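Please read the points below with the sequence and the model at hand.

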Amino acid sequence: MNIVLGITGGIAAYKAPDLVRRLRERDADVQIVMTASAEEFVTETALQAVSGRPIRSNLWDKEAERAMSHIELARWADLVLIAPATAEVMARLVSGAAPDLLSTICLATEAPIAIAPAMNHVMWNNQATQANRATLEERGIRILGPGVGSQACGETGAGRMLEPDAIAAAAFDIAGSQDERLLDGKKVVITAGPTREPIDPVRYITNRSSGKMGYAMARAAAAQGAEVVLVSGPVNLEEPAGVEVTHVGTAHEMYEATHTAIENADIFIAAAAVADYRPADIKEQKIKKTEESMRIDLVRCPDILASVAALEAGPYTVGFAAETEKVDDYAKGKLRKKKLDMIIANRVGDDCGFDRDDNTVSVFWSDGEERFPQAQKALLARDLIALVAHRYYAVRGADSKDNVIAIH
Ligand code: PMT
C-alpha cells in the first residue's frame, strides 16, 4: 500500500517516526510530505531514516518534481494520511487553498484522505474547528480521533493525537475498505476484553484479555461497511473510529448489553474472555485478613455466546475458543455444544493469545476449517472478517455478495 503521510506543525509531530515505523511494519510504502512548520518539531533526517525515502516538502523543488511530480505523487497514493493535523491544515483543506505541496496533493488525489487532528482542547472545541471538522466529514475525509487526555500544554481534554498504532490500524482499514465492502448494510455485534467479577469493594476476579483481538475484529468489520456495536469489558484501548462502544464490567452486564444490541444483528462475534464463574456473594465491606485460609464460593455466570446461539432467528454466531491444550478438539466441542455457526480457536498462555499484538488461529465450522498462521491481530482480523462474511453469505444465502467468493 502506498501512503502519502503529511506531517504538519504540532508537538505531536514527534510521534511521526513511530507512526512511519508502524505503517512500514504493515508493509506500506510511506512517502512523507512535511509542511514548513512541521520541521520545527521533527527532523528530516529522522524521518528519512525511518521511511527510507527522501522527504518532500517544497512544491517548487525541481529535482524532486522531476523524480515524481506532485500530480504523480497524488496518483501514486492509495491513501493520504495527515498526522498530526493542525487546526490550520483542517481550515486549509476546507477552503481548497493549495499554497504548499501537501494541500496541493490533497486537492489532486483521488485516494481517500484521513486526518488525525492534534491540538489544544480549546482549539479543537472552537466553533470554527468543529465546523471545519463537520465539513471535512461531509466530504468523506476520515477524522481519526482526537483522543482525550493530558496535553502537551499541561491541560486536559480532547485534542491529543491518537497513538501511532491506532492511526496505522485505521489507515489500513480505510485504504483496504475502498474496493470491497463485504458487510455493507449488515449489523455486527462483537464482545471484547475481560470481565471483572467483584469479590468485595476493592477486589475482583478477572483474566489476562487485553481486548486487542476483539477491537481489531470491530475495526475490520467497520472497514467492511458494517454497523458495529462493540460490547467491551474493561480495557486500555482507543475506541475504534466509527464503532458504537458499550462499556461493561461484569459478565452479567455484558450479557445484558449484548442482548440489547443483538436485535436486528446479522452477525455476532464473541471475542471477549467472559468469566465462567463469579463470587456467589459480594461482600459490602473489604474482607479483612483474619484467617490463615479462606474460601470464596463461586456460581456460574450466564453464557452469553450460547444464549445468542439459542435465539430463534438469531444472528450468524461466531465464538472464540481460548485453550491451553487440545486446542482443535476443545474448540470443535464448543462449536457443537453451543450450536455455533463458526468457532475461532487460539492457544493462550504466557507467550501467545492474550495481551499481544499478534495471534495464530484455526477456524472451524460444521463442514470446513481454515488455518491462519501467526500475524498481527489487525491483519488477522481483516482475513477473519472476510471469512466470516463469506460463510455468512454461504449459509444465510439470499442477498449474497458475489465479490466475497473471490476472496476465499
Ligand atoms: O483480548 P486479547 O488480549 O487480544 O486476547 C484475545 C483472546 C485470547 C481473549 C481471544 O482471541 C479469545 O480467545 N477470546 C475468547 C476467550 C474465552 O473466553 O474463550 P472460552 O473458550 O473460555 O469461551 C468460549 C466462547 O464462549 C468465547 O467466545 C467466549 O466469549 C464465550 N463465553 C464464555 C463464557 C461466558 N460466560 N460467556 C461467553 O460468551
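1. Basis. This is a predicted model, in which local features need pLDDT of at least 70 and side-chain atom pairs count only at pLDDT 80 or more, while totals for chains, interfaces and linings use all residues. Residues are numbered from 1 along each chain as its sequence is written, and side-chain values use heavy atoms, with hydrogens and water left out.

2. Domains. The protein is assigned domain 1 (2-176) and domain 2 (187-396); such bounds come from an automatic or database domain assignment. The centres of the two domains, taken over C-alpha atoms, lie 34 Å apart. Seven residues from domain 1 and six residues from domain 2 make the contact, where contact means heavy atoms within 4.5 Å.

3. Domain interface. The size of an interface is often given as the accessible area lost when the parts come together. Between domain 1 and domain 2 the buried area is about 840 Å², with carbon and sulfur atoms giving 56% of it. Buried area is the accessible area (1.4 Å probe) that two parts lose on being put together, summed over both. The count of salt bridges between domain 1 and domain 2 is zero.

4. Helix pair. Helix 1 (residues 16-25) and helix 2 (residues 44-51) have axes that come within 9 Å and cross at roughly 10°. The two helices are therefore roughly parallel to each other, a term for angles under 35 degrees. Ala16, Pro17, Val20 and Arg24 of helix 1 meet Leu47, Val50 and Ser51 of helix 2. Axes are lines fitted to C-alpha atoms, for helices over the stretch in contact, and angles run from 0 to 180 degrees between N-to-C directions. Helices (H or I, at least four residues) and strands (E, at least two) are DSSP runs, numbered from the N terminus.

5. Salt bridges. The structure holds 24 salt bridges, each a side-chain nitrogen of Lys or Arg within 4 Å of a carboxyl oxygen of Asp or Glu. One of them joins aspartate 165 and arginine 22 (3.8 Å, N to O). Aspartate 165 is in helix 9 (residues 164-176) and arginine 22 in helix 1, so that the pair links distant parts of the chain, 143 residues apart.

6. Backbone. Most residues other than glycine have a negative phi, and most peptide bonds are trans. The bond from alanine 83 to proline 84 is cis, with omega near 0°, and proline 84 belongs to strand 3 (residues 79-85). The bond from glycine 145 to proline 146 is also cis; proline 146 sits in the loop between strand 5 (142-143) and strand 6 (147-150). Alanine 313, although not a glycine, has a positive phi of about 55°.

7. Loop residue. Isoleucine 287 is in the loop between strand 14 (277-279) and strand 15 (298-300). Apart from its neighbours within four places in sequence, isoleucine 287 contacts Ile199, Asp200, Arg203 and Met294.

Key: Parallel < 35°, antiparallel > 145°, perpendicular 65-115°, else oblique.
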